[in-house]
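Dear colleague,

Please find the structure below, together with its sequence. My findings follow directly after it.

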Amino acid sequence: MTSPPSHLWLNALLQALQFVQSAWLSTLYALGITDDSHGAPAWPWDVRIAGENLVIDVALARQFAWMLAAIAFALACALLALCWRRAWRWLLASAAGALALAPWPSPSLWLSAAVPTSFHTSPTGFTVESIARGSRVYAAQCVACHGTDGRGEGPLAATLHRWPPTMASALLSRRADGELFWHVLYGMRDAQGVTMPGFAGRLSDREIWAALDYMRVLSASAGMAAGGSWPVPIALPSVAVKCASGPIRNVAAWRGNQRVRVVAVDADHPPPFEDPRFLTLLVARNGPPTREASVIRKVAARPSDRGAAANANNVTPLFGTRADCVADSAEAWQVFAQIAGTSPSSLAGTEWLADRNGWLRALAPAGRRGWADGGLMCTTSTALSDPGQAALRADPLTATLRQMDDDPVRFVKGGFVH
């Protein structure tokens with residue numbers, strides 16, 4: 001009998017640890033034992049269990065899990081001994097034996113420094129508007145040290161005694177949201193002095209959370225430039241969507257039960273035809289759909305466009321109806337260009353796939369042969385099985401969708417498996 005893949009039990013462990021710590025914090029706050037900080041309950045201790053360390057070192061995670069199991073067994077024996085007096089000696093001996101045999105990894109390995117906002121979550125919703133706001137904050141306050149590409153090579157980086165970390169790796173993004181917020185607000189120090197200045201008094205909480213949203217996009221962009229992939233999972237940014245057949249709604253309404261295909265369109269790259277396997281969101285070069293509608297109609301009316309007839313409903317007997325749901329934001333084009341790791345002028349024709357949980361999972365760059373050259377990103381498996389390879393050759397898009405469903409992103413604050 002084989003053991004389950006490490007990412008399955010490890011993700012369950014991380015989720016349990018996150019839940020227990022968050023529930024404990026909520027209980028302390030409800031009892032009035034801890035105060036709040038920046039609008040949410042404040043973590044009252046200077047350490048927390050470091051999920052990010054357990055993700056990096058599976059052997060440590062395994063030792064930690066056995067330690068927890070031994071402690072739970074010992075407590076169960078102790079409680080049973082109180083009720084079953086005749087066997088109390090055997091029960092206590094079993095408890096002591098479990099504790100003696102358990103691995104006890106050094107607390108310095110599985111504990112991490114914590115701050116009052118360690119368990120805060122971003123209130124922005126990771127929207128296109130917040131990301132765009134964050135880009136302006138970053139350009140004004142952060143680019144001098146972190147660089148325009150986020151690789152930590154800004155003009156002032158050399159004046160620091162420690163170079164800023166690169167956003168092209170997973171290291172920065174594995175930190176808990178609330179701790180990144182705290183470090184931006186109050187700065188960072190080491191034994192030699194200040195390694196990053198704080199921005200308290202210069203930036204509002206809202207601006208800091210927006211800058212952190214932008215840094216996630218910048219991380220994706222830097223990762224694409226460095227290695228052709230996203231170093232960490234990135235969510236499909238929330239944006240208002242205008243469909244010809246209905247009122248404006250948010251793309252977040254699709255999350256939880258629908259896959260989403262995102263397509264960058266312009267006059268030379270027509271909207272694709274609808275596909276029942278997912279919902280299609282168009283990102284238009286000119287922004288809101290009121291300006292893009294004329295482009296869509298003009299492209300659909302071209303005789304060379306697969307014989308598409310220019311009619312009011314833009315329907316052909318062969319291909320069906322063209323997608324007409326467009327991101328209602330002038331800033332979406334720039335945001336998605338950065339996620340793709342390309343320039344805005346080269347974005348048209350690029351496609352993304354988001355899974356049912358709202359994570360961007362696959363990218364087919366413009367100018368390539370669609371999903372035959374597109375790549376699934378953020379996976380726990382290293383290779384497809386033989387049947388999967390055969391399906392990939394026969395229908396790359398269907399194979400990619402199947403991989404997305406079979407291998408979902410497993411995300412935990414302060415650490416993730418994907």
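In which loop is His120 found? In this predicted model, His120 lies in the loop that runs between strand 4 (111-113) and helix 6 (128-141). With a relative accessible area of 6%, His120 counts as buried, because the cut-off for that class is under 20%. Leaving aside residues up to four places away in sequence, His120 touches Ser37, His38, Ala40, Pro41, Asp177, Gly178 and Trp209.

Three of these names lead on to a pair of helices. The axes of helix 8 (residues 177-186) and helix 9 (residues 205-227) come within 10 Å and cross at roughly 120°. Helix 8 is therefore oblique to helix 9. The crossing of the two helices is right-handed. On the side of helix 8, the contact is made by Asp177, Gly178, Leu180, Phe181, Val184 and Leu185; helix 9 contributes Asp205, Ile208, Trp209, Leu212 and Arg216. Sorted by class, the residues in this contact are seven nonpolar, one polar and three charged.

As for helix 9 itself, its 23 residues reach 33 Å from the first C-alpha to the last, close to the 33 Å expected at 1.5 Å a residue. Gly228 follows helix 9 and has a positive phi, near 75°.

Yours sincerely

Note on methods:
Residues are numbered from 1 along each chain as its sequence is written. This is a predicted model: local features need pLDDT of at least 70, side-chain atom pairs count only at pLDDT 80 or more; totals for chains, interfaces and linings use all residues. Side-chain values use heavy atoms; hydrogens and water are left out. Axes are lines fitted to C-alpha atoms, for helices over the stretch in contact, and angles run from 0 to 180 degrees between N-to-C directions. Helices (H or I, at least four residues) and strands (E, at least two) are DSSP runs, numbered from the N terminus. Angles under 35 degrees count as roughly parallel, over 145 as roughly antiparallel, 65 to 115 as roughly perpendicular and the rest as oblique. A crossing is left-handed if the near helix is turned anticlockwise from the far one by less than a right angle, and right-handed if clockwise. Contact means heavy atoms within 4.5 Å. Ala, Val, Leu, Ile, Met, Phe, Trp, Tyr, Cys and Pro count as nonpolar, Asp, Glu, Lys and Arg as charged, and the others, Gly among them, as polar. The expected span of a helix is 1.5 Å times one less than its number of residues. Buried means under 20% relative accessible area, exposed over 50%, partly exposed in between (1.4 Å probe, protein chains only).
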